[in-house]
Amino acid sequence: MLRPTRRVAAWILDKDWANTLNNIGYQSWAWNFCVLLLLSSAAHHNLPRNTPPTGGSSGAPNTAPTTTSAGSGGWTGSWRLVLDSLVLVTSTTAASVTTSGGNSGWVGVGALASIMPDAHLAKVVLAAGILVFWMAFWIIHLIGIIYGYRKLHRRGTQAVDGGEPGVLGVSILKPLVGSPMDPNLMTNLETFFTLNYPKYELLFCVQEEGDPSIMLVKQLMKKHPHVDASCFTGGLEVGVNPKINNMQPGYLAAKHELILISDSGLMMKEDTLTDMVDHMTADVGIVHQMPFTCDRKGWPAILEKVFFGTSHARMYLFLGLLDALGFGVNCCTGMSCLMRKKVLDEAGGISAFGIYLAEDYFFAKYIQDRGWGIRISSQPAWQNAGISRVKSFLSRLTRWCKLRVAMVPHTIVLEPFSECMILGLVASWAATVLFHADYLTFFLFHTLTWSLADWIMLNIVQNGPPPFSKFEFVISWCFREVSAIFIFLHAIWNPVITWRTGSYKLRWWGVAEPVNTRVTVM
């Protein structure tokens with residue numbers, strides 16, 4: 001089946017009007033006219049400000065300069081230069097049509113180049129490209145807000161009945177580490193024992209024999225004896241990824257059709273698993289939850305909520321929509337990810353992905369390459385870790401950035417310009433070049449509008465107003481946006497990833513090599 005972009009292109013080329021436009025030579029004059037209109041009006045502040053000489057009755061040129069007021073002269077001069085440029089180009093093009101026939105399409109560009117210096121033409125083209133990129137990100141803002149409003153916190157229509165024979169069973173893998181002990185671990189784990197789903201099992205995986213989380217698991221198993229639950233200790237080393245090593249015994253013991261990998265810091269609502277399974281339709285191989293955070297106290301918790309509810313949610317929802325439309329974009333976070341076990345078994349199980357640190361990305365890539373779709377669940381993944389620090393949060397973001405750079409190298413170029421501050425700086429320069437706008441005014445307008453769009457996005461992801469004031473939002477938002485620049489620079493400068501006491505060096509495309517020999521599970 002053709003991808004959507006190819007189908008659209010085939011549809012356009014198949015139309016009669018497309019051939020008609022091509023036959024009348026639209027490429028030779030219409031495209032040139034639009035480009036000249038954009039470039040001529042954009043570059044008015046570096047072009048001559050005087051009116052072109054005109055001959056009077058005696059043939060002497062009129063050399064009097066055109067004067068304009070400070071408030072309107074820029075735009076008046078811009079349109080005058082547009083008309084002057086178009087007159088020159090049109091006359092030159094008309095002459096070339098008489099002499100050279102079909103090659104007249106590029107004469108207008110040559111005439112413009114005779115007026116505009118090459119360096120300035122390059123600057124104008126660059127500025128136009130930047131503003132196009134800038135406007136594209138506002139489209140992403142709009143799509144993320146609309147799709148988030150329609151997608152998140154929507155209850156499914158499929159009812160789950162314990163006696164229904166077609167219900168898919170789910171094996172939930174829970175990799176645990178109890179050092180340091182998370183004060184919310186007991187609460188988070190118990191939400192998995194109270195899921196309103198008829199057919200699932202809990203497979204707790206602990207690396208160390210003396211881990212204190214084992215005691216909590218045994219208490220919950222005793223409290224909820226009706227739930228099928230097991231605990232595995234020791235792990236099984238199958239690669240450099242400590243999380244895969246830890247989950248391997250649980251995966252080998254899994255007995256259901258679906259595998260849910262769920263991190264220890266997550267809590268679930270009673271209908272969360274039902275919602276995820278509802279999205280696992282016949283053509284879908286992965287259902288994942290968009291990361292978010294529970295309401296917690298303290299500024300670090302506010303900072304995390306602002307990040308996951310704004311910039312992270314915007315790109316996550318936009319790329320998730322592209323997945324749903326069949327564009328094959330890989331944006332999957334492994335903190336809560338439901339997959340078809342039979343597809344993973346074809347690759348050799350999760351052990352086949354032990355050479356990567358970002359196992360979630362390669363899970364999705366493998367399943368997607370085999371024709372299966374990816375969907376986002378309606379409910380976000382509720383992170384509820386009891387320990388929240390700014391330093392650990394920034395370290396987490398830095399680790400993710402290093403992984404993205406290694407797995408998707410073009411991130412090095414695109415990611416910095418997707419952030420509010422850097423994009424605002426370059427877009428302000430472009431607006432100054434093209435429209436003679438005030439640099440500071442444009443940047444402040446960009447930043448204010450971006451923050452308002454993020455506030456709307458946060459309220460959508462939160463499903464209501466967030467549990468903090470607008471002032472706290474502004475402080476946290478500004479800190480996050482400014483720190484993003486330094487996080488990216490640090491990720492480029494030092495590509496070595498430290499995960500607990502283990503350090504890893506990434507090769508291109510995500511393959512990891514341990515720097516030291518001591519490896520512990522996350």
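Visitor: Which residue with a positive phi follows H12?
Guide: Helices here are DSSP runs of H or I with at least four residues, strands are runs of E with at least two, and both get numbered from the N terminus. H12 is followed by a residue whose phi is positive, near 90°, and that residue is Gly326.

Visitor: What kind of model is this, and what is left out of the side-chain values?
Guide: It's a predicted model, where local features need pLDDT of at least 70, side-chain atom pairs count only at pLDDT 80 or more, and totals for chains, interfaces and linings use all residues. Residues are numbered from 1 along each chain as its sequence is written, and side-chain values use heavy atoms, leaving out hydrogens and water.

Visitor: How far apart are the end C-alpha atoms of H12?
Guide: The expected span is 1.5 Å times one less than the number of residues. For the 14 residues of H12 (311-324) that gives 20 Å, and the ends agree, sitting apart by 20 Å.

Visitor: How many residues of H12 are buried?
Guide: Buried means under 20% relative accessible area, exposed over 50%, and partly exposed in between (1.4 Å probe, protein chains only). Among the buried ones are Arg314, Tyr316, Phe318 and Asp323. H12 is mostly covered, and of its 14 residues the buried count is 11.

Visitor: Is Gln379 buried or exposed?
Guide: Gln379 lies in the loop between strand S9 (373-376) and strand S10 (381-383). Its relative accessibility is 9%, so Gln379 counts as buried.

Visitor: Which side chain makes a polar contact of 2.7 Å with that of Gln379?
Guide: A polar contact is a pair of N or O atoms within 3.5 Å; within protein, one must be able to donate a hydrogen and the other to accept it, and residues adjacent in sequence count only if both atoms are side-chain atoms. The 2.7 Å one joins the side chain of Gln379 to that of Thr272.

Visitor: How far is Gln379 from Leu273 in space, C-alpha to C-alpha?
Guide: In sequence, Gln379 and Leu273 are 106 residues apart. In space, their C-alpha atoms are separated by 9.5 Å.

Visitor: What is the relative accessible area of Phe479?
Guide: Phe479 is found in helix H19, which covers residues 470-493. Phe479 counts as partly exposed, because its relative accessible area is 31%.
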